[in-house]
Structure formats: C-alpha cells, structure tokens
Amino acid sequence: MNPTVISTTKAPAAIGPYVQAMRVGGLVFTSGQIPLTPEGAMVEGGMAEQTRQVLENLKAVAAACGTTLASTVKATVFIKDMNRFAEFNAVFEEMFEGHKPARSTVEVARLPKDALVEIELILAVED
C-alpha cells in the first residue's frame with residue numbers, strides 16, 4: 001500500500017519536515033497539532049482556547065479525508081500541565097460530541113512554540 005499525503009489550507013501548514021497527515025488504506029495518521037490558526041499564528045488564551053483550536057485543526061484535517069472526528073479510533077495527547085487536565089477534558093468531550101476514542105494523555109516538559117497542548121489522531125476511514 002502506498003501512503004497518501006493529506007493536506008488542507010483549513011489547518012496550519014507543517015512547520016517542519018512533515019505533513020499534516022498520511023493515509024494508508026483505511027487509516028489516517030495525523031501529525032501532532034498545536035494551537036496554531038490556519039494562518040500559522042498561536043491562538044490567544046489558556047488551555048480551553050488552545051484545546052479548541054487544536055481540535056478545530058484536526059477536524060479540518062479529518063474533513064480533508066472526507067470524515068469527521070467521530071472516525072477517531074485513537075488520540076494521543078500531550079499537555080504541559082496535568083493540573084489543567086479537567087479544562088482540557090471538558091473541551092475534548094464537547095468537540096467529540098459523545099464519541100469516545102481510545103486515548104493516551106501524558107504531561108510533557110515543553111511543546112513546540114510553548115503550546116499548552118498537542119494532539120495527534122488515528123482515524124478509520126472508508127477505503
């Protein structure tokens with residue numbers, strides 16, 4: 001199977017030598033998204049605002065594959081401060097509209113551009 005690059009202008013362009021997502025068969029693997037606007041500016045605000053922007057970016061990548069966040073089978077979450085997990089989790093639950101993917105959440109020392117949160121997804125899509 002040959003991987004296919006997934007790209008959209010409705011999410012920020014990659015800021016390094018990687019792509020927004022790769023599709024292999026019925027799976028899409030997204031790169032980690034941080035709270036950048038599609039124009040590449042960091043979003044203002046705290047954990048809730050940053051989480052919402054990250055998930056809007058991932059929603060746009062999912063749409064570029066013809067699907068939604070409800071196709072997520074696995075989310076990997078990196079947050080700067082586990083004490084802010086409840087704020088993160090409230091937005092995550094809202095944005096996933098009742099869908100509950102498998103998920104790992106880890107606290108990290110630092111994220112690109114000093115973001116508070118970064119999320120990557122694995123989505124199942126129609127072949």
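Trainee: How many positive and negative side chains does the protein chain have, and how far apart do the centres of the two sets lie?

Mentor: In this predicted model, the protein chain has 11 positive and 15 negative side chains, with the centres of the two sets 2 Å apart. Lys and Arg count as positive and Asp and Glu as negative, while His and the chain ends are not counted; the place of a charge is NZ of Lys, CZ of Arg, CG of Asp or CD of Glu. Local features need pLDDT of at least 70, side-chain atom pairs count only at pLDDT 80 or more, and totals for chains, interfaces and linings use all residues. Residues are numbered from 1 along each chain as its sequence is written, and side-chain values use heavy atoms, leaving out hydrogens and water.

Trainee: Why is A21 called buried?

Mentor: Buried means under 20% relative accessible area, exposed over 50%, and partly exposed in between (1.4 Å probe, protein chains only). A21 has 0% relative accessibility and therefore counts as buried. Buried residues make up 42% of the 127 residues in the protein chain.

Trainee: Which residues does A21 touch, not counting those up to four places away in sequence?

Mentor: A contact means heavy atoms within 4.5 Å. On that basis A21 touches T4, V5, I6, V28, F29, T30, S31 and V61.

Trainee: What makes the radius of gyration of the protein chain agree with that of a compact globule?

Mentor: The radius is taken over C-alpha atoms, and the globule rule is 2.2 Å times the number of residues to the power 0.38. With 127 residues, a compact globule would have a value near 14 Å; the protein chain has 14 Å, so the two agree.
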